[in-house]
Amino acid sequence: MISVLFAVLTALSNGSASVLQRRAAQKVPDSEAMHLSLFGHLLRQKVWLAGIGLVIVAAVCQAVALATGPIAVVQPIFVIELPATLLIAGFVWGAGVSRQVWAGVAAVTAGLAVGMASAAPVGGREEVSDGTWLWALLATGAFEVVLIAAARGARGDARAALLGLAAACGYALTAALMKDAMAQLDHGGAAALLKAWQLYATAVAGVGALFLLQNALQAGSLVAVQPMLTLGDALISIAYGVTLYGEHVRTGWWVLPQLAGLALIACGCVVLARSPLASGAPEPAPRVR
């Protein structure tokens with residue numbers, strides 16, 4: 001229950017941060033794409049700094065969630081970040097919540113419930129050997145290179161989707177590294193954590209994922225970015241949980257409801273990302289029946 005609670009808190013913080021960062025990224029010139037100077041433009045915007053503050057809160061909550069539960073349980077919960085954020089935005093801004101948003105929320109929630117119930121991830125070890133990490137990092141690096149190379153040759157939403165998937169891979173790797181780092185803390189205390197290479201690799205992977213996400217948001221619409229970011233993070237995290245930590249998910253005919261759950265989540269994310277609330281604009285007031 002602790003891991004689920006902090007995973008939900010992480011999703012709320014990350015979802016809010018994504019919308020704030022999208023608003024800031026829209027003001028960055030196209031010429032700054034894939035350059036470090038992109039951060040120079042963003043640092044001058046208060047809305048982006050507020051988003052980074054929420055990212056830090058999310059990182060702390062995520063560390064607690066990963067330290068107390070399997071990665072294949074914690075990371076998929078993050079699919080609720082967009083629907084939760086839009087609901088909160090609608091109520092806080094006094095704009096109301098349209099039927100479109102409620103339909104998207106229902107699809108994502110139902111998809112998550114079906115997917116998690118059919119997958120039923122359990123078990124797993126707490127630590128990963130350095131040899132296993134070497135192969136995992138090489139495979140992840142190759143995957144990222146392919147995605148970024150493809151994105152550089154694309155434009156608009158195609159580039160945004162590819163970079164969104166690259167960012168998702170980076171965030172999934174960050175979570176996998178963070179879980180191992182928290183295991184070092186649990187076994188050897190603060191001194192062991194500070195000596196663990198996983199701690200510093202977590203920071204590098206997190207910054208890289210953040211950089212890719214900013215470029216994804218700058219390149220195209222949230223509709224293109226969010227489904228790739230949400231589903232990519234969940235699926236790649238499950239893959240890390242199974243291959244690195246030995247966690248188990250149901251296979252066989254259980255794959256069919258899992259795919260159905262993924263389809264519902266994808267449809268819900270697209271519907272929600274099309275909402276004016278996702279781009280920072282208020283929803284139109286609902287019509288009186």
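Predicted model: local features only at pLDDT ≥ 70, side-chain atom pairs only at ≥ 80, totals over all residues.

Colleague: Is Trp 135 buried or exposed?

Modeller: Trp 135 is exposed, because its relative accessibility is 66% and the cut-off is over 50%.

Colleague: OK, aromatics next. How many aromatic pairs does the structure hold?

Modeller: There are 2 aromatic pairs. One of them is Trp 133 with Trp 197, an edge-to-face pair at 6.0 Å centre to centre, with 85° between the planes.

Colleague: Where do Trp 133 and Trp 197 lie?

Modeller: Trp 133 is in helix 7, residues 130-152, while Trp 197 is in helix 9, residues 197-219, so the pair ties together parts that are 64 residues apart in sequence.

Colleague: How does Trp 133 count, buried or exposed?

Modeller: Trp 133 counts as buried, at 0% relative accessibility.

Colleague: What about the pair formed by Trp 253 and Trp 254?

Modeller: Trp 253 and Trp 254 are stacked, 4.3 Å centre to centre with 25° between the planes. That angle is under 30 degrees, so the pair counts as stacked. Trp 253 is exposed, with a relative accessible area of 57%, and Trp 254 is partly exposed at 26%.

Colleague: Which charged end sits over the ring of Trp 254?

Modeller: That would be Arg 250, whose charged end is 4.0 Å from the ring centre of Trp 254. There's also Lys 179, which lies over the face of Tyr 245 at 5.9 Å from the ring centre.

Colleague: How far apart are Ala 120 and Thr 251 in space?

Modeller: Their C-alpha atoms are 10.0 Å apart, although Ala 120 and Thr 251 are 131 residues apart in sequence.

Colleague: Changing topic: where does Leu 229 lie?

Modeller: Leu 229 is in helix 10, residues 222-245. Leu 229 is buried, with a relative accessible area of 7%.

Colleague: And what does Leu 229 touch?

Modeller: Setting aside residues up to four places away in sequence, Leu 229 touches Gly 164, Ala 167, Ala 168, Tyr 171 and Leu 213. The C-alpha atoms of Leu 229 and Leu 162 are separated by 9.5 Å, and those two residues are 67 residues apart along the chain.

Colleague: Zooming out, how many helices and strands does the protein chain have?

Modeller: The chain comes to 11 helices and 0 strands.

Colleague: What share of the residues counts as buried?

Modeller: 51% of the 289 residues. As for the accessible surface, the protein chain has about 13100 Å², and 71% of that belongs to carbon and sulfur atoms.

Colleague: Last one: among contacts between residues at least 6 apart in sequence, what share joins residues at least 24 apart?

Modeller: For the protein chain, that share is 82%.

Notes: Residues numbered from 1 in each chain as written. Heavy atoms only, no water. Phe/Tyr/Trp six-rings, centres within 6.5 Å; stacked < 30°, edge-to-face > 60°. Helix = DSSP H or I, 4+ residues; strand = E, 2+ residues; numbered from the N terminus. Buried < 20%, exposed > 50% of the residue type's maximum accessible area, 1.4 Å probe, protein only. Lys NZ or Arg CZ within 6 Å of the ring centre and 35° of its normal. Contact = heavy atoms within 4.5 Å. Areas by Shrake-Rupley, 256 points an atom, 1.4 Å probe, with all protein chains shown as cover.
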